[in-house]
Amino acid sequence: MAARLIRLQFIMACLLGVLALRLVHLQVIRGGHYRSLAERNRLRVVPQPAPRGLILDRRGRVLASTQTLFRVALIPQELDDLAGLLARLGPILRRSPETLHRTFLKERTYAFVPVTVASHVPKEIALQLEEERWRLPGLLVQAEAARHYPLGSTAAQLLGYLSQPTEEELPRLKPYGVQPKHLVGRAGLERFLDADLRGRPGGMVVEVNHRGRQIRLIGQRPSQPGERVTLTLDAALQSLIEQSFAAQPGAAVVLNPWTGAVLAMASTPTFSPEAFAVQDTPQVQALLTDEVNRPLVNRATLAAYQPGSIAKLATAAAALNYHVITPSTAIPCGGELTIGDRVFHCWNRDGHGPLNLSEALLHSCNVYFMTLGRWVRKDRLVAALAQAGWGRKTGWALGEQAGHLPSRRLTEGEMALLAIGQGELLATPLQVAVTAAAFATQGSLVQPWVVGSVGSRTLDGSTATRRVHWPAETFEAVRAGMIEVVRHPEGTGRRAFTPAISIAGKTGTAQTHIPDKTHAWFIGFCPVDHPRLAFAVMAEYGGSGGDLPAEIARAACEYAAATTPNPEP
Amino acid sequence: MDAKIWRGWDGQLLAAAFGLVAASGLAMASAASSINPELAVRHWGWSVVGLLAGLAVSRSNYLRWIDAAAALYVVSLIALLLVHVIGPTRLGATRWLSVFGFSVQPSELAKLSTALLLARYLSDQPSPLSWRTIGVSWLLAALPAGLIFTQPDLGSASIVIAMWFGLVLVAGASRRTLTALLVGCAALAPVAWQGLKAYQRDRLLVFLDPQIDPLGAGYTIIQSVIAIGSGQLWGRGWFAGTQNQLSFLPERHSDFIFSVIGEEWGLLGCLAVLALFGWLFARLARIGLEATERCGRLLAAGVLSWMGYQAFVNMGMVMGVLPVVGVPLPLVSYGGSSMITLWLALGLVHNVHRRHLH
């Protein structure tokens, strides 16, 4: 045993001897070579960013792509004459030499690390610089990927934008190859699908000479491009709707009522996602701090509004479900209704006279529905709204508000107001579009989704559909009224009428906390038989639902009539 | 000072270990300066705590520890299992447990308890060892090694196996048995290869050809070899290594601390560190030879093969002659768990020496 211990010690001594020999080889025999490599090092890592994945619409139109722009950098240890170089660069880059110098001083780290003085430089300027590079030592022109949104501000809130990661995010993103200067998805789909879109960056290690020219490639790892994402969105319909809003703030959602696939989701005012590519510009600051218009907020999902008369659809359904009325029950409207000591007016002060359900819907008579509200008990009314998807998230993956339903005891007057969509009631345009889809399909309460496929993976959000368990007669009676809203010459939604396609709809004009300012709604579906679209259009402080929202809905339906329905991507 | 205190102390063992820790403290100051100077202070703190723990253990009776080996072994297995269940993931591997606010690496405890248990088990077996004995001892080592391997921590797992091999060698496996074991290992290598993570395979292959992964492990090796080579005979001077100070060397405070020593202190500094290790190993072997009890001798042999293997694999890796398996340099690399465990092991071996004198 002793002899064996001595043998073990002998083995250890031999191993240490091997290491000593290797040290002599490295440090004495090859020492000079490594010293020079270390001193002039140098090995330079040239990152090869992964191109970010494309985002396409359902017809293959490009919504977001990657374009190559250029970055101008200076390598401190290779500069002969910084002032002279900046003086030459200034006019070419259209920036003052002083600005470039300030940037250079701010960003400079080690002598061998290139300092970026200008990014997002277009190709023509980069070529011009590349030609002059031989007499400008220390100058480096590198390709850089920039996100490009070919349709500009179209669907900006849905697509989101990119910007540099924050200090807190970096540790989490580093294992995926994200560097401080990389751009990461910051909002919308760019953030939601960031990991898929990002790909995996690669790079090369090269040995360079004193002028920064590559002498030798030491090794490389190719980058993996990001996944291609196809949306259920129809870009043409999306821009049509956004343009119809013009300067009016608002939101619109168009979806397939059977599957929940979102065809358009507009929120105005909108913004240009490309503005965020360069940090800290006045443009970005303005977008981030605009508390009045809030262009970055997706109003379709993140803003909840008073619904107004569109809630009458649920009131009607509750009354029919509990046999409080039949479709032909006539209720007289004298222009006002007295509950306790309060007098509630119909929007038509002269009164509508006796109305059945269909007539009440087409005139959007307040007295009729306030009366229903008094007849249907409160919990039944709130239950009907909840069954129609209100007060609860729709399951939209990109973030949404749940809206609000009253949970406290209401007075009889408040009950009556609730029945016409006033008072303690809030809903997002997306929720309302889902409700419209439920009326279109006689009960399918879809979960809205917008990502059709990521790479080779096909996603299908339609599996999460719930149902509204109301009798078919209820849906049929309400639908008949919604058709009259648009078709009847006196219907409140008459401006949505088009000979091109049959539309069922309901207007809403909701009082807000600002007197004389109303939110304008129009929701519905088309065509009335076998509906292909369900929609909700909302104009913030936009006056009457029968005006702009009805016209936007008509434009969307006419678009649907003119295009062939195509299968889900 | 009372001379009695120093009676029974192995001054050489302490001097060699202390020399390594001193060298480590100096190199750490330079390595940490470009990462986080606090690391150096923390490292010095752990060195002092480790030294005190080692001295305390050397005053206890190592036979008590041998008696408790089975219990310690079970505790460390449970700790390893816990890491799989609740440990946080750092750098892609789950190796730490949080105990009273401190992060503890159970694999370190496992090394020590396995050394104790194997020493105890093998000391009762007749020499030459039977196949049955070798099989049982292999299972005792393979169980913690397997759990460590799946963390995944290839380096620490291989240390446990190396320790087992050293102990079986010293405890008396016949030459035929040892040859058969080596052949068996070689035959199993392709199977083990399949069990490795992709990045582990890359790192193993990188030493054959750094081009395979020039941005990852290959880059590290290239920069490490440049650092050591550029130190030449005299080194570039303390705090003056560009590879270190300009952050070309990743992990320079932990696994690649020897590259910093090579760059800044040159061949002379490196040979001094090698000599300190050689001295330490010689003292461990000497204590083993002089030990009166079989289990004391085996404990010394176990600690010798553990530290010897770990030192060789680490330095071989940073010099580019061995694959990147990620083991720290004993007593020199940053890491509290490792520092304390190594000092505990040295303290136990030191106690073997003291008992032999009494």
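**Figure 1. The open sheet of five strands in chain A of the predicted model.** The strand order is β12-β11-β23-β22-β21, and the pairing is antiparallel. The edges are formed by β12 (262-268) and β21 (504-511) of chain A; each has a single partner strand, so one side of each lacks a neighbour in the sheet. On average, and with direction ignored, neighbouring strands of this sheet are turned by 5 degrees against each other.

**Figure 2. Pairing of β11(A) with β12(A), and the helix that packs on the sheet.** β11(A) and β12(A) run antiparallel and are joined by six bridges. One of the residue pairs to look for is Leu255(A) with its bridge partner Val262(A) in β12(A). Helix α10 of chain A, residues 235-245, packs on the sheet and touches β11, β12 and β23 of chain A. The direction of α10 makes about 25 degrees with that of β12(A).

**Figure 3. Strand β23(A) and its two pairings, with β11(A) and with β22(A).** β11(A), residues 250-255, pairs with β23(A) in the antiparallel sense over six bridges. Here Gly250(A) stands opposite Ala539(A) of β23(A). The pairing of β22(A), residues 518-526, with β23(A) is also antiparallel and has seven bridges. In this pairing Phe522(A) stands opposite Val537(A) of β23(A). The hairpin of β22(A) and β23(A) has six residues between the strands, and His530(A) in this hairpin takes a positive phi near 50 degrees.

**Figure 4. The two covered faces of β23(A).** β23(A) spans residues 533-539, and seven of its seven residues are buried. On one side lie Leu533(A), Phe535(A), Val537(A) and Ala539(A). For chain A as a whole, 53% of the 569 residues count as buried.

Figure 5. The structure holds zero disulfides over all chains. The cut-off applied to a pair of cysteine sulfur atoms is 2.5 Å. Cys365(A) is buried, with 0% relative accessibility.

Figure 6. Because 16 of its 18 residues are buried, α7(B) is largely enclosed by the rest of the structure.

**Figure 7. Chain A as the setting for the views of its sheet.** The secondary structure of chain A comes to 20 helices and 23 strands. Its accessible surface is about 24600 Å², and 53% of this surface belongs to carbon and sulfur atoms.

How values were computed: Residues numbered from 1 in each chain as written. Chains lettered and ligands numbered in written order. Predicted model: local features only at pLDDT ≥ 70, side-chain atom pairs only at ≥ 80, totals over all residues. Heavy atoms only, no water. Buried < 20%, exposed > 50% of the residue type's maximum accessible area, 1.4 Å probe, protein only. Helix = DSSP H or I, 4+ residues; strand = E, 2+ residues; numbered from the N terminus. Areas by Shrake-Rupley, 256 points an atom, 1.4 Å probe, with all protein chains shown as cover. Pairing = 2+ DSSP bridges. Axes fitted to C-alpha atoms, helices over the stretch in contact; angles between N-to-C directions. Contact = heavy atoms within 4.5 Å.
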